[in-house]
Amino acid sequence: MTRTVFKLPDSLLQVFFPAIETAEVNETRWASLYTLTTFRLFLVLVLVVMFFAADDPGLLGSKQPMMFAWISIAYTFTSIGFSLLRTHVTIPFKQQVYLQVYVDITAIVLLMHTSGGVGTGLEILLLLIVAVTGLLMEGQFVMSCALLSSALVLLEQTYIDFTGSGYSAYSQAGVLCAALFAVAIFTLFLSRHQRASEALAAQKSLALEKASELNRQIVQHMEQGIVLVDDEGTIQLFNQGLMQMMPTPGLVESASLGNTFPELHSALERWKAHLDTSAQLVDIPDTALELRVRFTALPTLGTLLVIEDNAALSQQIQQLKLSSLGRLTASIAHQIRNPLGAISHAGQLLGESKALTDADGRLCQIVLDNARRMNLIVQEILQLTRQSHGQPGKMNLVEELKTFIERFSREQQLESTAFELYSTFHPNVDFDAGHLHQILGNLCLNSLYHNSGEAIQLTFVVALAADDTTVILDIADNGAGIPTGKKHKVFEPFYTTSHTGTGLGLYIARELCHFNGAKLSLLTTRQGTCFRMAFAEKSQEAHE
């Protein structure tokens, strides 16, 4: 429906509506005006029905019934026109109030006159109009309405007295005028209090909106992932940190946490079962993600999940450890290696003595073996502290694996058939090449040292994880495998089942992966041992 924009001329407004203001009008005042319009139409229709339907309408139009009929009909159509203003014509709020109030006062006074003047009961409608005007309008306009109503009432009484057409009741008119001004003054103060309350409420609402927007911006720009779920496990809120950490196309609020992030849902259920205040570590299968999740119960809202990338935290801790370890190894180099070198040299000289018995020779060899082992431990610790100088960069993973296989087979004098490399694509990964060679070397050397005596077979598989974003590398052998009870200890420093090993190889390999943003894990297999490297992210493929 087309709305016609209509504005009264400014010159006419200045004459009849001098108090027009430009302040914005809230929806509550518009609703009040619409209620008044509806009530007016209902009241006029009741008066018309009472007048035309009754054989003796009583006081209604008792003096001039024909004029009462015409005025009531005109007032009815005018009321219908006022009702249509809100849907068909656009007129500012205050102009509508001025127009309707002036028409109401004039029509009611005329209806009073045709019914016998003051004392007919219709003067109560004047009090109602003044009261409603005081609640709708600001400023002194309500006093103007009371003044206009009083002037018309007194003018009507003067007309009756001058023409002798009825009984003049100046005393009743005076009481009515006093009542009009009393109602106007009361509603004026009540209106001011109402406006102050509305202004305060609007101010608080604005402050609340600003605080809410600030909180929303803080949540959205947090580095941690934020997820709010209700008691049914439905996602109510999430931020950009979660999307950057765990890209999930099409994720929307009201989605099910169990269907979207099953690992997080399982962790949430465990937390609900035990209400453990400590953070939980959650592994995302086939990815390099290891998440640290904290849970907080929010009354009436649900549960808040604060998610952090544990790999990033581990890198920070790793840097602190390397810094502290660097200072420690500097002292070790002076305080241990020099005496250790002296012991080793003295043991060698003692071993060359011809006066040694076989028993003393074995004891001397034990001293030399343990001196070499201690020296190897110191060297590996020193080497670990120097890894922080590595520079991760883009490299073709498959080509780098071919280079490693060629070098390792030559150094360990292995046949090329001992290695198998499978890859359906050639991904570029962000990793330090030297670190990759050292990690693969540690893993392959472990396979060689723990081989059961059969011909060694090392298999490398490059693939894409189920999330379609993470590149994974599996390194498997055909050995006896690691006993189930010992798998959780293989990455602990200084843990070894060999009398000649240091127990630092796998620990160093995992730390180097963390330094490069990757993850090294031990997979469960039926035969042999399989380690998996999950790189930080998928990069552009490099096709041959």
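The following exercises, each with a worked solution, concern a predicted model of one protein chain.

Residues are numbered from 1 along each chain as its sequence is written. Because the model is predicted, local features need pLDDT of at least 70 and side-chain atom pairs count only at pLDDT 80 or more, while totals for chains, interfaces and linings use all residues; side-chain values use heavy atoms, with hydrogens and water left out.

**Exercise 1. Confidence and overall make-up**

Determine what the mean pLDDT of the chain is, and how many helices and strands the chain has.

Solution. Begin with pLDDT, the predictor's confidence in each residue, from 0 to 100. Its mean over the chain is 78, and 82% of the residues reach 70 or more. Over residues 1-6 the value is below 50, and this stretch has 14 contacts (heavy atoms within 4.5 Å) beyond near neighbours in sequence. Residues 11-24 also stay under 50, with 15 contacts beyond four places in sequence. Where pLDDT is low, the predicted coordinates should not be read in detail.

Next, count the elements, taken as DSSP runs numbered from the N terminus (helices: H or I, at least four residues; strands: E, at least two). The chain has 15 helices and 14 strands. Finally, of its 544 residues, 40% are buried; buried means under 20% relative accessible area, exposed over 50%, and partly exposed in between (1.4 Å probe, protein chains only).

**Exercise 2. Helix α5 and Gly134**

Solution. First, locate the helix: α5 covers residues 123-136 and includes Gly134. Its 14 residues reach 20 Å from first C-alpha to last, close to the 20 Å expected at 1.5 Å a residue, where the expected span is 1.5 Å times one less than the number of residues.

Second, list the buried positions, among them Leu126, Ile129, Val130 and Gly134.

Apart from neighbours within four places in sequence, Gly134 is in contact with Val142, Thr187, Ser191 and Arg195. Gly134 also lies 8.6 Å from Val183, C-alpha to C-alpha, although 49 residues separate the two in sequence.

**Exercise 3. Salt bridges**

Solution. Start from the criterion: a side-chain nitrogen of Lys or Arg within 4 Å of a carboxyl oxygen of Asp or Glu. By this rule there are 7 salt bridges.

Arg40 lies in helix α2 and Asp104 in helix α4, so the pair ties together parts that are 64 residues apart in sequence. Arg40 is buried at 4% relative accessibility, and Asp104 is buried at 1%.

Arg216 is partly exposed at 41% relative accessibility, as is Glu213 at 36%.
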